[in-house]
Amino acid sequence: MFHEIHCLSRTSRVHIGMPLVLRYLMFLCSPCVQLVAPDPAEIRLLRGHKLSVTCLVITPDEKYIFSASKDCSIIKWEVESGKKVQKIAGGRKGTEDRHVGHTAHILCMAISSDGKYLATGDLNKLIMIWEAATCKFLYKFTGHRDAVSGLAFRKGTHDLYSASHDRSVKVWNVAENAYVETLFGHQDVITGLDCLGRERCVTAGGRDRTVRVWKISEESQLVFHGHEGSIDCIQLINEEHMVSGGDDGSVCIWSVNKKRPVSRVKQAHGLQGRAGLEQPFWVSSVAALHNSDTVASGASGSHNSAVQLWKCGQGFRGLEPLFSVPVTGFVNSLKFSNSGKFLVAGVGQEHRLGRWWRTKEAKNGLYIIPLIRQNTEQELEQ
């Protein structure tokens, strides 16, 4: 597993003996390679959920996408064909004892780095564990006292971290069907969670306006401040940096070594509303292409929502806009494929965490956005 990929200089060459994935990621980091906006005709929309898509994951081999929705269902899609492979239907409220699946809005999901386990969390405080290959239900975890809002597997392990509106973070061992421990610290509902390979995770604390890094083995936490409103989403870029977004319209880049953002873009997706009463578009989702300088943010608003691609500056100071992809509705989830060849946006008529307003013209579904790169100086040596 490679945790740090360093950018090539303009005169660098990729060695033939390197693993293909490493060669490709180094190519992406080259300063002479630039992302360009895809042809709108190349963006695919996959539809199958009746209500808003709330979360999604891409399998490590990039062959499949799992998505979940407020309709309580889970759909497994084939990336190449765009067809449904399997659907786990949602159940009605009150059928929890006999229905295999969720009976409340699914808010989050995660897949283990070996592609073996899929975890999903819902408004009913439940975490369900599935066999990803077959969509077979394995077991459920209970213990949270409110909605489960964030899930992430530690890379290279079957350790699962969960976050909840009960303000706690819990640690589970999925392979052993075991609860490990609970951590406390946030002063408001936790809205998002992420982790990579280290025994730590990061969380967004909603209206307590803090980002926290939890050092699991030390049972300690680092607290970061910088947003002016609710922090609704967070993703790690690498083991040392992360990106967050909130309803103040800002996208922030953080270093684990600094308590304030190293970079912040206010009104990242512009303003909406009548003259004199403008408000920023909420940043409802963020994503990062791991160990690179590419991040994405998704806006939610009544009109003119978009997925925005950004390039981090030197030392992650500064964010340069690359291009945006217009969508209609709430961009509730964003995920890059491991190789960086495509980005998937989960979109709905409503926000993932509430029903503050509804965009009727939005289509509940997944947008698969190809990531096109132009090499301004040289082609990757074969």
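Visitor: How many nonpolar, polar and charged residues are in the lining of the largest cavity?
Guide: The lining has two nonpolar, four polar and three charged residues. Here Ala, Val, Leu, Ile, Met, Phe, Trp, Tyr, Cys and Pro count as nonpolar, Asp, Glu, Lys and Arg as charged, and the others, Gly among them, as polar. This is a predicted model: local features need pLDDT of at least 70, side-chain atom pairs count only at pLDDT 80 or more, and totals for chains, interfaces and linings use all residues. Residues are numbered from 1 along each chain as its sequence is written, and side-chain values use heavy atoms, with hydrogens and water left out.

Visitor: Which residues line the largest cavity?
Guide: Glu96, His99, Gly101, His102, Thr103, Asp122, Leu126, Met128 and Lys140. A cavity is a set of points on a 1 Å grid over the protein atoms alone where a 1.4 Å probe fits but cannot get out; lining residues have an atom within 4 Å of a point.

Visitor: What volume does the largest cavity have?
Guide: About 40 Å³. Volume is the space filled by probe spheres set on the points, with grid points joined across faces, edges and corners.

Visitor: And what lines the second largest cavity?
Guide: Arg200, Val202, Val213, Leu236, Glu239 and Val256. That lining has four nonpolar, no polar and two charged residues.

Visitor: New topic. How many aromatic pairs are there?
Guide: Five. Rings of Phe, Tyr and Trp (its six-membered ring) pair if their centres lie within 6.5 Å; planes under 30 degrees apart count as stacked, over 60 as edge-to-face and the rest as tilted.

Visitor: Why is the pair of phenylalanine 141 and tryptophan 172 stacked?
Guide: The ring centres of phenylalanine 141 and tryptophan 172 are 4.6 Å apart and the planes are at 5°, so the pair counts as stacked. The pair links distant parts of the chain, 31 residues apart: phenylalanine 141 is in strand β10 (residues 136–141), tryptophan 172 in strand β13 (residues 168–173). Strands (E, at least two residues) are DSSP runs, numbered from the N terminus.

Visitor: Is phenylalanine 141 buried or exposed?
Guide: Buried, at 4% relative accessible area. Buried means under 20%, exposed over 50%, partly exposed in between (1.4 Å probe, protein chains only). Tryptophan 172 is buried too, at 3%.

Visitor: What about phenylalanine 224 and tryptophan 254?
Guide: They form an edge-to-face pair, 6.1 Å centre to centre, with 75° between the planes. Phenylalanine 224 is buried at 0%, and tryptophan 254 is buried at 0%.

Key
1 Å grid on protein atoms, 1.4 Å probe; cavity = no way out; pocket = protein on both sides within 12 Å on 5 of 7 lines; lining within 4 Å. Helix = DSSP H or I, 4+ residues; strand = E, 2+ residues; numbered from the N terminus.
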